[in-house]
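Colleague: I would like to learn how to read a model such as this one, feature by feature. Could we begin with the sheet and then move on to the contacts and the surface?

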Amino acid sequence: MRKAEIAEYVISNTSLTKSQAIAAVDCIFEAISQSLSKGENVYVRGFATFKVHKSPERKARNISKGTTVIIPAHSSAKLIPSKELKNKMNK
């Protein structure tokens, strides 16, 4: 499902116009993005938790060249589905 399809779903279930629905979807994604970029977790009860996962710096091997490279520390987002979402997915 793409963002446009999510907006169409919002339109069909509310009285919002297309531009209002797209703005609402964009606003929600922006709020999640800003929270994660600050290092804050996002909890959406009944849906999922977006957690910031911090990976430390580590060594890795470049197999084709046979050299060791350093992968810098970085953060990524993890989605942990709620119990309700897991149950819906596994009906």
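Modeller: Strands of a sheet pair through backbone hydrogen bonds, either parallel or antiparallel. Here three strands form an open sheet in the order β1-β2-β5, with antiparallel pairing, where two strands count as paired if DSSP finds at least two bridges between them. Helices (H or I, at least four residues) and strands (E, at least two) are DSSP runs, numbered from the N terminus. This is a predicted model, in which local features need pLDDT of at least 70 and side-chain atom pairs count only at pLDDT 80 or more, while totals for chains, interfaces and linings use all residues. Residues are numbered from 1 along each chain as its sequence is written, and side-chain values use heavy atoms, with hydrogens and water left out.

Colleague: Why is one side of β1 and of β5 left without a neighbour in the sheet?

Modeller: β1 and β5 (74–81) stand at the edges and each has a single partner strand, so one side of each lacks a neighbour in the sheet. From one strand to the next, the twist averages 25°. Strand β2 (residues 48–55) pairs with β5 in the antiparallel sense over eight bridges, and Val52 has Ala77 in β5 as its bridge partner.

Colleague: Which helix packs on the sheet?

Modeller: Helix α2 (residues 18–37) does, touching β1, β2 and β5, and its direction makes about 35° with that of β2; axes are lines fitted to C-alpha atoms, for helices over the stretch in contact, and angles run from 0 to 180 degrees between N-to-C directions.

Colleague: How many bridges join β3 to β4?

Modeller: Five bridges join strand β3 (residues 58–62) to strand β4 (residues 67–71), and the two run antiparallel. Ala60 has Val69 in β4 as its bridge partner. The hairpin of these strands has four residues between them, and Gly66 takes a positive phi near 75° there.

Colleague: Is Thr49 buried or exposed, and what does Thr49 contact?

Modeller: Thr49, which is found in strand β2, is buried because its relative accessible area is 17%, given that buried means under 20%, exposed over 50% and partly exposed in between (1.4 Å probe, protein chains only). Leaving aside neighbours within four places in sequence, Thr49 is in contact (heavy atoms within 4.5 Å) with Val42, Tyr43, Lys78, Leu79 and Ile80.

Colleague: Where do side chains meet in a salt bridge?

Modeller: Side chains of opposite charge can pair when their charged atoms come close. With a salt bridge defined as a side-chain nitrogen of Lys or Arg within 4 Å of a carboxyl oxygen of Asp or Glu, the count comes to one, and it is made by Lys3 and Asp26 (2.6 Å, N to O). This pair links distant parts of the chain, Lys3 in helix α1 and Asp26 in helix α2, 23 residues apart. Lys3 is partly exposed, at 40% relative accessible area, and Asp26 is likewise partly exposed, at 32%.

Colleague: What does Ile6 touch?

Modeller: Ile6, found in helix α1 (residues 3–13), touches Met1, Val25 and Phe29, not counting residues up to four places away in sequence. At 26% relative accessibility, Ile6 counts as partly exposed.
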